[in-house]
There are 4 protein chains.
Amino acid sequence: MARRRIIIDTDPGQDDAVAILLALGSPELEILGMVAVAGNVPLALTEKNTRKICELAGRPDVPVYAGAVRPLVRTLVTAEHVHGETGLNGPDLPEPTMPLQDKHGVDFIIDTLMTEEPGTVTLCTLGALTDVAMALARKPEIAPRIKEIVMMGGGFFEGGNITPTAEFNIYIDAHAAEMVFAAGVPITMMPLDVTHKALSSPERIAAIRALGTKVGEATATMLEFYERFDVDKYGSRGGPLHDPCVIAYLIQPELFSGRHCNVAIETGSELTYGMTVVDWWGVTERKKNATVMREIDADGFYKLLVERLGSL
Amino acid sequence: MARRRIIIDTDPGQDDAVAILLALGSPELEILGMVAVAGNVPLALTEKNTRKICELAGRPDVPVYAGAVRPLVRTLVTAEHVHGETGLNGPDLPEPTMPLQDKHGVDFIIDTLMTEEPGTVTLCTLGALTDVAMALARKPEIAPRIKEIVMMGGGFFEGGNITPTAEFNIYIDAHAAEMVFAAGVPITMMPLDVTHKALSSPERIAAIRALGTKVGEATATMLEFYERFDVDKYGSRGGPLHDPCVIAYLIQPELFSGRHCNVAIETGSELTYGMTVVDWWGVTERKKNATVMREIDADGFYKLLVERLGSL
Amino acid sequence: MARRRIIIDTDPGQDDAVAILLALGSPELEILGMVAVAGNVPLALTEKNTRKICELAGRPDVPVYAGAVRPLVRTLVTAEHVHGETGLNGPDLPEPTMPLQDKHGVDFIIDTLMTEEPGTVTLCTLGALTDVAMALARKPEIAPRIKEIVMMGGGFFEGGNITPTAEFNIYIDAHAAEMVFAAGVPITMMPLDVTHKALSSPERIAAIRALGTKVGEATATMLEFYERFDVDKYGSRGGPLHDPCVIAYLIQPELFSGRHCNVAIETGSELTYGMTVVDWWGVTERKKNATVMREIDADGFYKLLVERLGSL
Amino acid sequence: MARRRIIIDTDPGQDDAVAILLALGSPELEILGMVAVAGNVPLALTEKNTRKICELAGRPDVPVYAGAVRPLVRTLVTAEHVHGETGLNGPDLPEPTMPLQDKHGVDFIIDTLMTEEPGTVTLCTLGALTDVAMALARKPEIAPRIKEIVMMGGGFFEGGNITPTAEFNIYIDAHAAEMVFAAGVPITMMPLDVTHKALSSPERIAAIRALGTKVGEATATMLEFYERFDVDKYGSRGGPLHDPCVIAYLIQPELFSGRHCNVAIETGSELTYGMTVVDWWGVTERKKNATVMREIDADGFYKLLVERLGSL
Ligand SMILES: [Ca+2]
Ligand SMILES: [Ca+2]
Ligand SMILES: [Ca+2]
Ligand SMILES: [Ca+2]
């Protein structure tokens with residue numbers, strides 16, 4: 001089986017952590033490297049958290065890079081109110097001993113894309129699009145070499161989660177998002193519309209804990225911490241597992257369905273700043289630039305997740 | 001029984017027509033007058049259509065006024081692609097013989113509110129908010145005298161119907177909407193989120209036709225013309241009966257449920273112009289200014305509609 | 001001599017007062033009526049001030065109307081910091097005894113334009129454009145009947161006076177301005193670029209006082225109060241006589257020079273809200289819609305002013 | 001004499017060329033390197049033109065780097081209509097033989113600032129602020145180490161040159177400008193208000209040609225080509241020597257005068273996109289972040305220019 005070659009750009013975050021574990025547990029994927037970006041918490045924490053998760057999975061060999069320390073234009077907004085002070089509150093994971101790579105994460109993205117066969121590398125973004133935008137700004141030649149960008153970001157029918165209309169990953173660097181959606185690269189977008197249907201119910205967390213492994217235990221503990229925010233806010237049964245949807249899509253795309261349409265990023269108004277305006281019904285002349293997912297087989301998704309976490 | 005006293009501001013439009021018929025067939029309501037506004041079609045047609053519907057219902061005594069001929073700031077956008085060239089395509093209704101009142105519709109609204117007991121008159125808006133905004137601009141003292149504005153307008157979780165984010169009534173005069181939502185008047189809003197759940201399925205149209213009355217026949221024919229647009233666009237079973245939701249709410253509010261929250265109108269960006277930004281989850285500091293409906297008992301709604309149309 | 005027939009729309013304001021006096025002292029002009037609008041101070045004061053000035057000039061026969069009490073969309077911003085609490089601080093003028101007309105000022109504008117021969121009535125606006133916009137919204141047929149709108153408003157090379165980019169009259173009702181500039185009516189605009197060159201230096205005020213008349217004395221006292229704001233802010237010798245430039249232009253247009261070009265009104269950004277964007281160099285495709293004055297013969301202007309005030 | 005250490009970021013452009021020559025001819029300055037950026041023409045031309053000018057001045061030893069190939073968020077707009085197809089139309093300069101440095105221009109800026117003593121390096125930007133913004137985004141620690149940014153950019157009382165309100169350098173990367181003006185770095189800004197007073201009149205060009213040197217001849221020929229655009233557009237006597245003002249300020253700051261105030265960059269509206277909103281009169285609460293020059297001793301400036309060109 002030819003493995004799909006990916007770079008994961010991430011800002012752990014408990015749901016990022018689960019996404020990384022899902023990827024590490026999936027033989028269909030070859031992870032060329034991971035890039036940490038500022039987002040849920042500052043870069044110094046997201047890069048450390050990324051390494052912690054690699055070590056939790058017994059994979060200190062995966063190269064981890066530090067990417068952008070701040071968004072392109074505006075100052076950084078973080079989300080400790082969701083993820084806790086460390087970004088990974090919940091389980092007590094040891095300090096990582098594996099190294100952070102010297103190379104800048106943006107250069108890693110550029111160099112990988114310029115070196116590998118065009119059309120063979122997929123970018124999986126689990127946070128703000130800053131690194132991808134900086135890579136595109138620095139080396140526009142990478143655009144046609146990217147196989148696909150699969151991103152967690154945005155929301156339309158579900159509204160936003162940081163403002164009434166904006167989802168966090170897009171909001172914190174809407175200019176980067178504007179640039180990426182204009183780059184002509186194939187994009188698959190996992191918005192809140194999907195991820196809010198992938199809730200970590202008590203039964204689902206229990207199934208993860210029941211794995212009886214270190215990874216299962218840490219993941220369950222993480223999710224119990226993580227879900228409290230959304231349970232309080234939405235009264236839902238569990239928290240939305242945003243980022244793992246990106247990885248699940250790479251392995252079992254049939255779990256998701258959506259529509260190819262235009263997505264425009266609002267950067268010109270404070271009221272709706274960071275909104276992903278999806279032309280779902282094709283009422284504008286704007287060119288289709290993304291496949292926007294809307295439905296998920298949530299049971300299938302959690303089945304896949306438990307199975308793969310169990311392999312670690 | 002004390003009847004609820006209302007002014008209907010409308011731009012017929014087939015769904016406006018059904019709303020007017022529903023109101024005329026409901027003894028709980030006392031219609032002080034109707035004001036036609038430019039919208040679905042130009043004013044010369046909406047005022048004529050309003051009179052046609054009154055005559056269809058055998059109620060040439062209801063005073064009908066002509067209101068705003070254009071939006072406050074921008075030029076008029078119409079919707080013949082939905083409603084047909086006359087705004088009321090479908091049944092072959094005779095030219096009206098009842099008079100149009102001389103007084104300007106905006107003056108009728110102002111004079112009524114300044115004359116009647118404060119807090120006794122409800123404004124039911126089925127089109128753009130131009131007339132209400134012009135009345136508020138001309139005579140701000142009316143604001144605290146309005147009992148409530150019940151409007152069809154906006155959309156949030158459902159998106160828009162004229163652009164990806166904007167509903168037609170708000171879009172065509174977003175400045176009027178901005179003004180009305182800032183006026184401190186109690187507002188109940190029936191957005192697309194509700195009205196797209198009130199579809200004129202073949203069975204429901206058949207039940208209206210089965211009334212065997214002139215009104216039933218005309219309404220069924222109207223709805224068959226009207227629904228084709230939405231059926232084509234959304235693949236839905238029938239068209240959304242937007243405006244009658246406003247009247248149904250006045251009679252049986254228990255058919256609807258929603259939430260009191262802030263609604264802000266986007267006027268500063270072309271991309272999202274005319275959007276009703278609903279702070280459903282209370283994530284901003286913005287003051288609550290509207291009750292936004294989200295759910296409807298559609299069967300109960302159509303049951304009410306058939307019953308009341310049958311009384312005409 | 002055929003006199004030019006005008007309606008003055010005004011928000012006195014000391015410079016409005018001087019403009020009104022200049023008009024009343026000029027036989028070339030026939031004042032059909034004056035409409036007061038909310039602006040420098042609330043409407044209750046501007047309409048009273050307008051009547052005070054008519055009486056100061058011995059002209060209680062001029063019909064004075066009350067127009068808009070607030071801007072179209074946003075709430076009213078006033079300028080007591082410039083004009084004082086009454087709007088006319090300085091001289092001690094008696095309470096007016098002449099009546100305020102019953103008719104709404106906007107209706108006066110509409111009725112006059114619909115009654116008089118098309119192309120014979122000029123609107124002179126010395127405040128926000130609310131009344132004109134409301135008249136255009138209510139009766140668009142007036143647009144082609146207006147001979148010309150001569151307005152004090154805007155600023156470009158000189159910047160703004162209420163924000164770095166916005167002049168007060170446009171700022172307080174930018175939506176009205178947007179509507180008026182899109183109406184297809186011939187517009188002559190007296191921006192800050194002109195009016196800041198018409199400063200009430202001590203010598204010029206002295207010449208007015210030297211008239212030795214009641215009007216001369218009151219005007220000089222008014223200007224001494226009025227100029228303190230600009231003298232403090234700009235370190236200039238005297239205050240800018242904004243509004244009288246409009247009237248002077250009607251009498252001696254050769255005192256002014258400018259350019260026919262496009263003016264667009266910024267309403268989509270808070271930072272530059274209310275700016276009059278003048279395409280002076282013709283670098284856009286936007287249609288020419290206004291003659292924007294830039295230069296003034298200030299000595300000629302003050303000579304005219306003294307002469308005409310002397311005739312009252 | 002301690003020489004002022006500078007990095008020149010540039011997009012030649014004839015006026016960039018003159019600025020570079022002025023810098024190379026001035027012993028007060030130590031040029032650590034030059035970075036070419038996309039702007040007047042694409043990067044491939046601006047980096048070549050930068051090297052051409054170094055060789056014209058007999059200074060192939062100055063390291064020249066290629067910086068950003070495109071703006072941060074939007075696509076590149078160029079100005080061949082002003083500068084000609086090559087960006088340096090006019091004289092026939094030989095292809096350069098000196099090398100372009102391998103290191104990315106943004107990395108050169110970062111590495112220099114992180115290596116040199118803090119507060120000793122001045123950035124002179126003669127084009128879009130893309131490189132500086134990318135450096136700040138990639139390594140925010142450079143901000144407090146920059147002595148000063150002296151930039152050609154913006155315009156206020158003079159309006160813009162690419163749109164009615166926007167100057168070209170800011171317009172083509174307004175997001176970069178927004179970021180740089182928010183970075184807390186001391187900024188001195190040479191806007192069109194200054195540079196439009198530094199016109200290359202025939203006498204001034206003649207004085208340069210009269211140097212009788214290769215540099216003088218090439219410069220005069222360049223300016224004759226360059227000025228035609230502004231002479232046609234403005235009817236002025238000569239073209240504005242924008243970029244050399246930056247260098248002249250470093251050598252003889254007393255040639256310029258201005259004011260320390262707030263500058264905000266408009267990025268939220270298409271109409272005024274890229275405007276530098278200068279709060280010259282201090283009417284807002286916004287923090288002072290730039291010294292905005294407004295006046296220039298143009299004769300002194302050209303005297304300095306001729307003298308220094310003569311030394312090459
Ligand atoms: Ca994430
Ligand atoms: Ca309607
Ligand atoms: Ca005034
Ligand atoms: Ca340049």
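## Surroundings of B:T276

Apart from neighbours within four places in sequence, B:T276 is in contact with B:G154, B:G155, B:F156, B:I170, B:M189, B:V263, B:A264 and B:I265, where contact means heavy atoms within 4.5 Å. The structure is a predicted model, in which local features need pLDDT of at least 70 and side-chain atom pairs count only at pLDDT 80 or more, while totals for chains, interfaces and linings use all residues. Residues are numbered from 1 along each chain as its sequence is written, chains are lettered from A and ligands numbered from 1 in the order in which they are written, and side-chain values use heavy atoms, with hydrogens and water left out.

B:T276 belongs to strand β9 (residues 276–278) of chain B. Helices (H or I, at least four residues) and strands (E, at least two) are DSSP runs, numbered from the N terminus. The relative accessible area of B:T276 is 1%, and the residue is buried; buried means under 20% relative accessible area, exposed over 50%, and partly exposed in between (1.4 Å probe, protein chains only). A polar atom of the B:T276 side chain lies 3.0 Å from the backbone oxygen of B:G155.

## Calcium sites

In chain B, the calcium ion (ligand 2) is coordinated at 2.2 to 2.5 Å by B:D11 (OD), B:D16 (OD), B:D16 (OD), B:L126 (O) and B:D243 (OD). Donors are N, O and S atoms within 2.8 Å of the metal (3.2 Å for Na, K and Ca); water is not among the atoms, so sites may look incomplete. The spacing of these donors along the chain is D-x4-D-x109-L-x116-D. B:D16 sits in helix α1 (residues 14–24) and B:D243 in the loop between α10 and α11 (244–251), so that this pair links parts of chain B 227 residues apart. B:D16 and B:D243 are both buried.

In chain C, the protein donors of the calcium ion (ligand 3) are C:D11 (OD), C:D16 (OD), C:D16 (OD), C:L126 (O) and C:D243 (OD), 2.2 to 2.5 Å away from the ion. C:D11 is in the loop between β1 (4–10) and α1 (14–24), and C:D243 is in the loop between α10 (214–234) and α11 (244–251) of chain C, so the pair ties together parts 232 residues apart in sequence. Both C:D11 and C:D243 are buried.

## Chains B and C

Chain B is superposed on chain C by a rotation of 180 degrees with 0.0 Å of shift along its axis (RMSD 0.0 Å). This is the relation of a two-fold axis. Copies are superposed by least squares on the C-alpha atoms of residues with pLDDT of at least 70 in both. B:G268 comes closest to the rotation axis among the residues of chain B, at 2.0 Å (C-alpha). Of the interface residues of chain B, 100% are also interface residues in chain C, so the copies meet through the same surface.

## Chains B and A

The contact takes 25 residues from chain B and 25 residues from chain A. About 1,900 Å² is buried between the two chains, with carbon and sulfur atoms giving 72%; buried area is the accessible area (1.4 Å probe) that two parts lose on being put together, summed over both. B:P164, B:L271 and B:W281 supply 33% of the area that chain B buries against chain A, more than any other three residues. On the chain B side, the elements giving two or more residues are α10 (214–234), β8 (263–265) and β9.

## Helix α5 of chain D

Nine of the nine residues of helix α5 (residues 130–138) of chain D are buried, so the helix is largely enclosed by the rest of the structure. Among them are D:T130, D:M134 and D:R138.

How values were computed: A polar contact is a pair of N or O atoms within 3.5 Å; within protein, one must be able to donate a hydrogen and the other to accept it, and residues adjacent in sequence count only if both atoms are side-chain atoms.
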